[in-house]
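I'll jot down what I looked up, topic by topic.

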Amino acid sequence: MDTNDDGTSAGYGGRSGAAARDAAADGSGGGHDAGHGLRILVPVDFSQSSLRALEWAGALAAGRRAQVVAVHAIEPTPLTTLAETADAMSRRIEERLHRACLGLSGKGIPLLTHCAVGKPWHVVQGAVREFDADMVVMGNRGLSPIRRTLLGSVADRVLRTVAVPVLVLNAADLPREHLRVIVATDFSADAGEAIAAFRQVFLRSMIRLEVRIVHATVPPELPLLERVDWRRLDTEAFEAADRAASAFRADGVDAAISVVRGTAARAVLAEARAWHADMIVLGRRGTSGFERLILGSTAERVIHASPC
């Protein structure tokens with residue numbers, strides 16, 4: 001997915017303390033009614049990007065216990081301060097949301113719609129809490145540069161603030177049966193949680209995966225790092241990457257490893273282009289200021305420059 005990410009999809013960002021909580025078959029797990037299973041929240045401004053996000057939510061929900069929550073934000077104006085006007089607008093939007101979601105309801109996927117007055121990112125943040133969403137699936141562009149209010153700059157804000165995984169998509173990203181996924185990691189807890197969330201959502205979906213674990217080490221030409229034992233560091237990185245790949249292989253997923261020298265964003269993007277990846281999975285922050293240089297700040301750079 002052109003993501004968080006010339007591929008199909010977008011980047012998938014995890015956040016510390018937040019993993020997708022797909023309910024077990026017996027209904028255990030998750031913070032909401034166990035009968036709902038995985039709850040996917042989709043911000044919708046009726047742009048092509050947001051409608052694609054609905055399709056992806058449907059693909060992730062197919063064949064499992066899951067529910068989709070379609071959310072629309074009504075921009076505050078003097079008219080929205082009038083209760084009667086706001087109610088009328090909400091009713092019209094709710095009807096439009098239901099029409100946009102006919103493809104999901106036609107497949108038997110449980111659906112909720114939510115409409116609220118407010119800045120789009122505030123509405124999304126509030127809806128994540130109100131509906132106890134397990135993940136957000138959203139586009140990275142709105143209807144125009146001016147209308148990037150819901151699905152553009154909002155994606156950046158949502159990535160920084162919501163406590164659940166976020167899948168960011170391009171308007172051209174179509175759901176597919178097979179995905180080539182770059183899994184970027186600095187072996188921090190945040191990266192681990194992003195990978196765990198991705199595994200919980202996608203390994204239980206009907207999408208076939210092919211994974212490449214990517215780790216980038218800082219270039220040795222940096223003055224402060226001249227005394228680093230790079231051979232030992234590379235060996236340890238390869239071993240850690242192989243453990244991550246082995247976990248995927250144990251679940252029947254083809255998994256390869258790439259440990260490269262360079263800055264994280266550049267290395268991840270280069271691997272994604274060379275491998276023609278469809279998606280990039282990465283955490284949104286490292287565990288320290290130094291690690292943010294390695295991976296944490298990489299998320300936003302990857303989201304805006306990703307080829308997939």
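**Rings**

I started with the aromatics: ring pairs link F198, F202 and F248 into a cluster. For the pairing rule I took rings of Phe, Tyr and Trp (its six-membered ring) with centres within 6.5 Å, where planes under 30 degrees apart count as stacked, over 60 as edge-to-face and the rest as tilted. The structure holds two aromatic pairs. One of them is F198 with F248, a tilted pair at 6.3 Å centre to centre and 55° between the planes. That pair links distant parts of the chain, since F198 belongs to helix α6 (residues 189–202) and F248 to helix α7 (residues 230–250), 50 residues apart. F198 and F248 are both buried, with buried meaning under 20% relative accessible area, exposed over 50% and partly exposed in between (1.4 Å probe, protein chains only).

**Ground rules**

I'm working on a predicted model, where local features need pLDDT of at least 70 and side-chain atom pairs count only at pLDDT 80 or more, while totals for chains, interfaces and linings use all residues. Residues are numbered from 1 along each chain as its sequence is written, and side-chain values use heavy atoms, with hydrogens and water left out. Helices (H or I, at least four residues) and strands (E, at least two) are DSSP runs, numbered from the N terminus.

**α4 against α5**

Next I checked how two helices pack. The axes of α4 (residues 120–130) and α5 (residues 153–161) come within 9 Å and cross at roughly 35°; the axes are lines fitted to C-alpha atoms over the stretch in contact, and angles run from 0 to 180 degrees between N-to-C directions. The crossing is right-handed, that is, the near helix is turned clockwise from the far one by less than a right angle. P120, W121, V124 and Q125 of α4 meet V154, R157, V158 and T161 of α5, where contact is heavy atoms within 4.5 Å. By class I get five nonpolar, two polar and one charged residues. Ala, Val, Leu, Ile, Met, Phe, Trp, Tyr, Cys and Pro count as nonpolar, Asp, Glu, Lys and Arg as charged, and the others, Gly among them, as polar.

Which residues of α4 are buried? I noted P120, W121, V123, V124, Q125, A127 and V128. They pack against β2 (38–43), β3 (66–74), β4 (111–117), β5 (135–139) and α5. Just after α4, D132 takes a positive phi of about 50°.

In α5, the buried residues are V154, A155, D156, V158 and L159. Their cover includes α4, β5, β6 (166–169) and α10 (298–305).

**Single residues**

R52 sits in helix α1 (residues 48–61). Is R52 buried or exposed? Buried, because its relative accessibility is 17%. Beyond neighbours within four places in sequence, R52 touches L169, N170, A171, A172, D173 and L174.

M89 is in helix α2 (residues 83–100) and counts as partly exposed because its relative accessibility is 22%. With neighbours within four places set aside, M89 contacts I74 and T80. I also logged a C-alpha separation of 9.2 Å between M89 and C115, 26 residues apart along the chain.

**Cysteines**

C115 counts as buried at 13% relative accessibility, and C101 is buried at 1%. How many disulfides are there? The count comes to zero, taking a disulfide as a pair of cysteine sulfur atoms within 2.5 Å.
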